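Work through the exercises below with the sequence and the model open. Each task is followed by a solution in steps.

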Amino acid sequence: GFNCGIVGLPNVGKSTLFNALTKSGIDAENFPFCTIEPNVGIVPMPDPRLDALSAIVNPEKVLPTTMEFVDIAGLVAGASKGEGLGNKFLANIRETQAIAHVVRCFDDDNVIHVANEVDPRADIEIINLELALADLDTVEKAAQRLVRSVKGGDKDAAATKAVLDKVQPHLAEGQPLRSAGLDEDEQNQVKSFGFLTLKPTMYIANVSEDGFDNNPYLDVVNEIAAEEGAIVVPVCNQIEAEIAELDDEERAMFLDELGMAEPGLDRVIRAGYSLLGLHTYFTAGVKEVRAWTIPEGATAPESAGVIHTDFQKGFIRAEVVAYDDFVSLKGEQGAKDAGKWRLEGKDYIVKDGDVVHFRFNV
Ligand code: GDP
């Protein structure tokens, strides 16, 4: 599955966000929504296109695609040196594909701040420093291991070591690798190390109810993200927690009162999805209409493999209708009549929104 780790200092609103995310199962009986471990939540990906497809196909079941969120235990200064839950924290985060970094951007005298002052820049620096130091440790150990091979004339080892030597001072200054200006070759050279500060990252600015505009804390987070090429999603976690408790009807009314088109969580989930470079395609049969997640650029057989490895192995052709055509022409027959139904082969790159039926040999 695709997953995103939630990190941040203690008391910034991580658990509140995580609980809201895992409670937001919209149509409980149809969602493969569950919690595997206390700190892992499988969250349905909100996608209005599923509703449009279902209205045409009238399936027995509708299944959204999902994203996993991992609540990573509180990080404290010194984690990279093994303090607090440091090592466990770093091990957990290494296993995630993207990082959602929650930053406190709200004032509330009742909520203690670990440093006694709301200061997003300082907070972000503490977390980023720990992650950078963990990567620095990885770099130094790896560089040491490579010395002998480099001396022995191993060109690949030399190339890897050159990148490690280049990033070492950057990390030593506490800077994340995503701002080290590595080109694609260099990134590939060090891919296998799973560097924490090279993972796609979004900042979740936890603002107060009226903190979406004219909020200097939020401005700071935006500034930092722009410097690093990270993205920012402002949300009010407390409201999200309230929204998540409501049933569909109450939720719609509450959102309306707040002047919100959708829960802020939907933006978080979508941001995680785009951070990972993911696309959605659909299967639309009378039994079930379902969304499937693929990496951008996946071929038809690779996309079939997400359903079942046999589909990939035995792939023959993909019957494809683009989402817009499927909806405007009211289904497969309409698309066929209009000449919008295509048969695609193994080199076809599946597009976001494609409605696909795979033909395969068993
Ligand atoms: P964590 O330690 O990062 O997981 O933080 P929690 O989610 O436990 O939140 C810490 C405290 O801040 C709790 O008392 C929350 O109710 C409160 N809190 C979380 N989000 C907000 C928010 O958006 N506004 C306000 N005022 N309080 C919040």
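**Exercise 1.** Compare the span of helix α5 (residues 155-172) with its expected span, then find what its buried residues pack against.

Solution. Step 1: helices are DSSP runs of H or I of at least four residues, and strands are runs of E of at least two, numbered from the N terminus. Residue numbers start from 1 along each chain as its sequence is written. The model is predicted, so local features need pLDDT of at least 70 and side-chain atom pairs pLDDT 80 or more, while totals for chains, interfaces and linings use all residues.

Step 1: α5 has 18 residues, and its first and last C-alpha atoms lie 26 Å apart. The expected span (1.5 Å times one less than the number of residues) is 26 Å, and the helix is close to it.

Step 2: a residue is buried if 20 or more other C-beta atoms, placed from the backbone, lie within 10 Å of its own, exposed if 12 or fewer, and partly exposed in between. In α5 the buried residues are Thr160, Lys161, Val163, Leu164, Val167, His170 and Leu171. They pack against α4 and α6 (184-189), where contact requires C-beta atoms, placed from the backbone, within 7 Å.

Step 3: just after α5, Gly174 has a positive phi of about 85°.

**Exercise 2.** Are Val12 and Thr16 buried or partly exposed?

Solution. Step 1: Val12 sits in the loop between β1 (3-7) and α1 (14-23), whereas Thr16 belongs to helix α1.

Step 1: Val12 is buried because it has 27 C-beta neighbours inside 10 Å. Thr16 has 18 other C-beta atoms within 10 Å, so it is partly exposed.

Step 2: leaving aside neighbours within four places in sequence, Val12 contacts Val102, Val103, Arg104 and Asn206.

**Exercise 3.** Which residues come nearest to the ligand, and which elements give two or more residues to the shell around it?

Solution. Of the 17 residues around the ligand, Gly13, Lys14, Ser15, Thr16 and Gln238 come nearest.

Step 1: α1 and α8 (237-245) each give two or more residues to this shell. The largest share, 3 residues, is from α1.

**Exercise 4.** Which residues of the largest nonpolar core touch the most other members?

Solution. Step 1: such a core joins buried Ala, Val, Leu, Ile, Met, Phe, Trp, Tyr and Cys residues through C-beta atoms within 7 Å.

Step 1: among its 91 residues, these are Ile6, Val103 and Ile204. Helix α4 (residues 120-151) gives the largest share of this core, 10 residues.

Technical notes
Contact = placed C-beta atoms within 7 Å. Near = placed C-beta within 6 Å.
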